[in-house]
Amino acid sequence: MYFQVPDDERYHIDTSMDDRVVITGINVRISQNQVIQDKGKTKALIVRATVVEVDGHLRLPSGLLEIFARRVIAHSDAVLDVSGEVGSPDYSDRAPALSGSGPGEPGKPGDNGGNGSNGGKISIFAETIEGSIQLLAKGGNGGAAQSGGNGIKGTKGNDHDRCTPPTRGGPGGSAGSAGIPGKGGDGGDISLVVLSPLKSELIHAHVDPGTPGNPGQHGNAGEGGDGGKGGIVYSEREPCVPNLFNRKPMLICPPRPPRKLCELGNASEGPPGASFSNRPSISEAGNIGHLTIVNGQGDDIREDIEAKLACAASLLYLELALREAETLYANSDESNALDQLIWLGRLLVKRTVRRSLREMVYDAGLPNEISVNSDEFEALRTKTFLLIRRLSLGLDYWGNQRNFVPLVSYEFYSQALAYLLDHARIIETNYIKYRDSLNDWKEAKVHFELGIAKQEGLIAYLEDSLRNIGTLENALVREIELLTCAYEASWLRVKSTAEDFKNAVSRQSSCAFNDVAFAVGTIAVAIGTAGTGAATAMAAWQAYNDFDKKNHDPNDFFGDLAEPKYKIEKIIEIGNGIQGVSKGLSEIRDMLNPKGILPPELPNDAGKLLMQRKDIQATVEPFRHLPEAKAYLAEIDNFIELVTTRNSKLIEYNILSNSRTELLSDISKSSSEIGRLRQQVNRPNVQHLPEFVSFMSRANMLNKRVLMQLLYQEHRALEYWAGKRYPLTISRDSIDHLATIHAQTYLKLVDSIENRGREVQTFKFSDRLAHFSFKNEIGLICLNDFKNNGQAVFSIPYLPFTQMSMVRVTTVRISLPGIAIADRGLATSPFGLRLTHLGTALLRTVEGEVIEFSHEPRITHIFYQIEDSVTRGFSLGGSETYVKLTPEGPWCLEIQKQDKERVNLSGIDDIIIEFEGEFLPER
């Protein structure tokens, strides 16, 4: 059968808070893609999932990375890195500060390097970590300091002017100082809280401090400016004058040369700029971070780990994890379902949980957070332990025994499914409209509020179902008591016929009776684990008991409200091999004490025979010619049916208690959740919280599961109708596909009828084929029970129907020869009998296979008229709602309570029960 949390509902991503991303899911693979960086706002990634896979290098500088998971799977390149970043600015590969811009100007001082940022926080809470992983929460290195700028050479001195001496060069520019390097960041925090043992060589965790930045270099001082130049100064030559007397103009220059006036030396260089004699500044490294590893070694540590795990689990995660466990269970993967439920149980047995994602304080899931004991949390806790309990009883996901069959007709399912399919389409449409309108919160809110209204209607339905369970429980208690008395009486008959058989064998054979088999030892029963597996059932019981020991609330029984007298408390472990069966038989023989004559104290947890009828019959086969062997087998058959039915009813009682608690839990959770979501939906800025999507998804899935449950029951009924086993394959959960499965069921029914190859035959009262006398066939003990108590539990002999298949009885009549009316004034007034088929049906197919079914008791009310000596025929089934019964299995006949004082039973010398019905000849 197909059950699957939809792909778009396997995890929720909450980005409603600016600085963090929260992922809640089932199986989540995290990588750098999940770190949604928007201008550096993302500072935290919180992941809650059953399985978290780490893929590649995930970098979240100085951030918070918190993982809560049952399993963390690290791939070969897995790195979780919240190391701090290098301080900014960092001048490792950058130019020094600027030199002076003009002659003699000082160099610029170097800038300081930035301090490295502190390492972030990694917190992992898990049951197991698989693979090799690097966890880095190092401090960021400090930024390197900038070197100082160089001073510029001083200005050049003035040269001489005539006989004015040259000036000295200007001073050089001062050197620029180096900046201060950044400090190293502190190492961060890494916290590993892991339940199972860790392989230390696979965990590489580093919380190293950041190193300080590299120091800069002071700049170089500028040289002094060059001095002005000196030289020799001469007098100037007299100027030439024009000759005004010549026709052609010409100059007349004096003949005397210039004379030397003075001689000046060069001026000295200017002084150099100021330089630094001290070393450039250095900084410190950061502080080392904190590394904490808490690993499950010893009970005290495990308790501490489980408490921390429980503290780190969000309600949304717990809900999704429970959905996954239910999915595994519904798909018959009971072993993995149990592992998931035990994991949840470890979290839920601790009574603290954060109520919703919006109300969490995201530190690391450790003690300083907001915790509450909410109704929703308690409901999850109850549901988890109910499912563990259900697994331990060997029940299917729906809470039924594996051979359960509803005694209703195809017409009933056809009408019910037609209505539910139409209803489910409406719900699915509302969900899709909500999902598709998430960009328009106004419209989405309308559909969400419609979903809440639909869920409130479901609460009313659950409350009505709860009221019906009480009536069924009371009826079951009554039937359990009836069957207990009946099988104790049957045990005495088995003992008596066993002695007769033993004596007959001893007279005709040299074999000791023990070589034949004292078959009582093979009749005892163990837990009905067909389909679940004994190992899973045993593990579920062990887990349930372990959790019960941890529970400190005397008023809490993990939702198991069955009365102690009827509560199933023990499993007998039966192995698959001969040794395992021998061990189980030995234990059961000790319980039964076959050497005594007292009725057996059978385990109150039964449902499955260690040896089936055919095995017992095969053991006695060499002696079948003996009348004593036939009588012995008949009593064995009767005893098996009584014990199996009684233990089946014990399981049914526990099922009802389980269902009652489940309903109370669902009602409480739904009411609390609806109240909380109604408040949240009207708050500002809460559009599309994961809780809203989850609520709508679960409402849609719930309707589909109701449909699947009905299809499952229809399929079980099909096998009863058709007398043939059919596979049930539901490959997807779309409404159209479910409607197709329903249509195919009808075609299988038609096909099974057409392929029988023979006509259905009927038998009437006059045929005396199903004519049973308590005195001759059923047993005097049952007759005496009826005479003394007004009731008798009995089993119809199997032998009259051995050549027939698909035997079903349709009508019954009863004769009570010797009965009298105590009050003669009411002699003409009929009194009431009640004939109850107690719910174990054996159906022999046309191929000769015997299929065993368990169903609810069916009651037929019969009116007995003394004067007629026999009742008219009363219908046993075959109406539009109910199908026909099989004759085999325990029945109970009793006088109606209000008529017991009216009749005198002491003169009854026999009880005759006759059936009409139908059958198919065996092939």
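Predicted model: local features only at pLDDT ≥ 70, side-chain atom pairs only at ≥ 80, totals over all residues.
User: Sheet first. In what order do the four strands of the open sheet run?
Analyst: The order is β4-β6-β8-β10, with parallel pairing. Strands are DSSP runs of E, at least two residues; helices are runs of H or I, at least four; both are numbered from the N terminus. Two strands pair if DSSP finds at least two bridges between them.

User: Which strands are at the edges?
Analyst: β4 (57–59) and β10 (203–206). Each pairs on one side only.

User: And what is the average twist from one strand to the next?
Analyst: It averages 10°. Axes are lines fitted to C-alpha atoms, for helices over the stretch in contact, and angles run from 0 to 180 degrees between N-to-C directions.

User: How many bridges join β6 and β8?
Analyst: Three, in the parallel sense, between residues 79–81 and residues 133–136. Asp 81 stands opposite Leu 136 in β8.

User: New topic. How many salt bridges are there?
Analyst: The count is 15. The rule wants a side-chain nitrogen of Lys or Arg within 4 Å of a carboxyl oxygen of Asp or Glu.

User: How far apart are the closest N and O atoms of Arg 29 and Glu 53?
Analyst: 3.1 Å. Arg 29 sits in strand β2 (residues 20–30) and Glu 53 in strand β3 (residues 44–54), 24 residues apart.

User: Is Glu 53 buried or exposed?
Analyst: Buried, at 19% relative accessibility. Arg 29 is partly exposed at 41%. Buried means under 20% relative accessible area, exposed over 50%, partly exposed in between (1.4 Å probe, protein chains only).

User: What about Glu 127 and Arg 70?
Analyst: They form a salt bridge, with closest N and O atoms 3.6 Å apart. Glu 127 is in strand β7 (residues 121–130), Arg 70 in strand β5 (residues 64–74), 57 residues apart. Glu 127 is buried at 16%. Arg 70 is buried at 15%.

User: And where do Arg 716 and Glu 719 sit?
Analyst: In helix α12 (residues 690–722), three residues apart, so about one helical turn separates them. Arg 716 and Glu 719 are both buried.

Definitions and conventions. Residues numbered from 1 in each chain as written. Heavy atoms only, no water.
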